[in-house]
Each structure stands twice: as structure tokens, then as C-alpha cells.
Amino acid sequence: MFACFPLESAGSQQPLGSSTTCGPRVSELAEAGNLAGVQHIILVLSGKGGVGKSTISTELALALRHAGKKVGILDVDLCGPSIPRMLRAQGRAVHQCDGGWVPVYVDQEQSICLMSVGFLLENPDEAVVWRGPKKNDTPPGTSDEHMATVDALRPYGPLGALVVTTPQAVSVGDVRRELTFCRKTGLRVLGVVENMSGFVCPHCAECTSIFSRGGGEELASHAGVPFLGSVPLDPELTKSLEEGRDFIREFPESPAFPALLSIAQKVLTEAPARVP
């Protein structure tokens, strides 16, 4: 899954003209000039499925919105587009204009816009069965698709990568290869996030390390990149995502809240900005 966060200051109103592979390719999107007003582009990566990239992407977007930023999310999880549900935007329609697909704004203030293949399905239970050229822009790992996307976006950078892992060794081993990919392609790593780092009991608030703990921090230290923080498993976070609620606003007492806010602040500090 590839998530792109073009961040803008709250004072501008430049939309993210973006699309999935049903519309213009990433390279065509860039050529159309729709990224001209974008100050930061962040790729949320892992090289490993099921680590929570959609969760981190969604909560990062919400935290940045509360910090006064405008955020665009490009969700190219073709086979499992879940971010529309996480932002309570299911069933919304996208429209086409001269510049490409117009993304969906998920709030009245138009501070978060989203483009996802989920908006293009007539039935939410419909399977996306694509192969070859139609799937060419989707980077599921560290091969052609991944490199094509980075190359297409590079002229509109600088780019930064936020790498997500879970703490257990089987995940860390796969994500280590993603860091190698970033190094080989010259993609700056903003840092590593350790997701599902312990389970917080809803009754006594004790944290139990179900999937081990510390693997992400150790990986970051070994790779010489920043460690952005650990996000615990929290039933309130899960519930907010399933119901499309604003976790950052509604659950300030959750143990996951300070972790997510701290990660967002570090991203704001570390994200490379384009020089006007």
C-alpha cells in the first residue's frame, strides 16, 4: 500500500489533484502540475502487509489537521482500500476535471482530501481484479512499481519516507529490506514507527506486549534512522477507525493519543519542504 501526504500550510487552498490507476498514472499526475502547490510529500511504507500503514496514515492526517495543516491522502491499496471507511467517507463520489480526478474532501473545512480506489467501486464488496498495465502504479513491495512511483514523484519532492513496522522479528526482518530500498533509491527516511507495540487493557490500562516490544526502535538504531515512536494496540483506536471517528479529538485520554501526537510533531519537524 502507498500513501502520499502532500502537506500545505493552512493559509492555502491548493487541492491535491490525484488519482488511482483508473485515472492518470502517477507520472501523468505530476506532469499535469497538480503537485505544484504541495510543500511536502511523505510516503508511508513498510514492505510488509498488515502492520497498520492505513491506520498510521489516517491518524497522522488527523493529527496534522489539528496542527493547522491541509493534508491530501493518496490511498493506492488497490485490493483493500480501507481509508475511506476510516475517515467516514464511504460511498462518496469522485469527479473528473481537466486536471484529472478531483479527490474527496472528508471534512467541511476541506482540510483533508482523499483519493482511493474505494471510491471507484460500485459495490464495496466488489473485488478489484487487475493485472499488468492497470496495476503498474501500485507499489506493493520494493520492485518495479515502487521504483516507478518514487521516480515519478522525485522531481516534485523532496520526498520523505515514514516506515511502519510491528515489533516482532518476522515483521522487522521484512521492513529492514524496505529501509534498504530507501537507501538504494536515495529516498530519505524520516523515521520508523513501531505500531501494535503492546496491548492496553480497557479495564486496568495495563500494557501487555503481545507482539513483543522494541523491535522497531532496534531496527531504527541499527539502520541509523530516527525512531519516531511506538503506538500501542488500543480498543478505542480500533473502534474510532471502524466508525470513522476523529480519534485525535475524541480520545485524548487514550495511551495511543500522546504517541500519535508525538509522531506527528516529529514528522512536522523532519519533513523536507520544497523551496518555493
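How many salt bridges does a search of the whole structure find? The search finds nine (side-chain nitrogen of Lys or Arg within 4 Å of a carboxyl oxygen of Asp or Glu).

The model is predicted: local features need pLDDT of at least 70, side-chain atom pairs count only at pLDDT 80 or more, and totals for chains, interfaces and linings use all residues. Residues are numbered from 1 along each chain as its sequence is written, and side-chain values use heavy atoms, with hydrogens and water left out.

**View 1. Asp246 pairs with Arg65.** The closest N and O atoms are 2.5 Å apart. Asp246 sits in the loop between helices H7 (235-243) and H8 (247-250) and Arg65 in helix H2, so the pair ties together parts 181 residues apart in sequence. Helices are DSSP runs (H or I, at least four residues), numbered from the N terminus. Both Asp246 and Arg65 are buried (under 20% relative accessible area; exposed is over 50%, partly exposed in between; 1.4 Å probe, protein chains only).

View 2. Asp174 is buried at 19% relative accessibility; Arg177 is exposed at 52%. H5 covers residues 169-185. Gly186 follows H5, with a positive phi near 70°.

**View 3. Arg154 meets Asp151 in a salt bridge.** The N to O distance is 3.7 Å. Arg154 is partly exposed at 34% relative accessibility, and Asp151 is partly exposed at 48%.

**View 4. Salt bridges link four residues in a network.** The members are Glu243, Arg245, Arg249 and Glu250.

Methods:
Helices (H or I, at least four residues) and strands (E, at least two) are DSSP runs, numbered from the N terminus. The expected span of a helix is 1.5 Å times one less than its number of residues.
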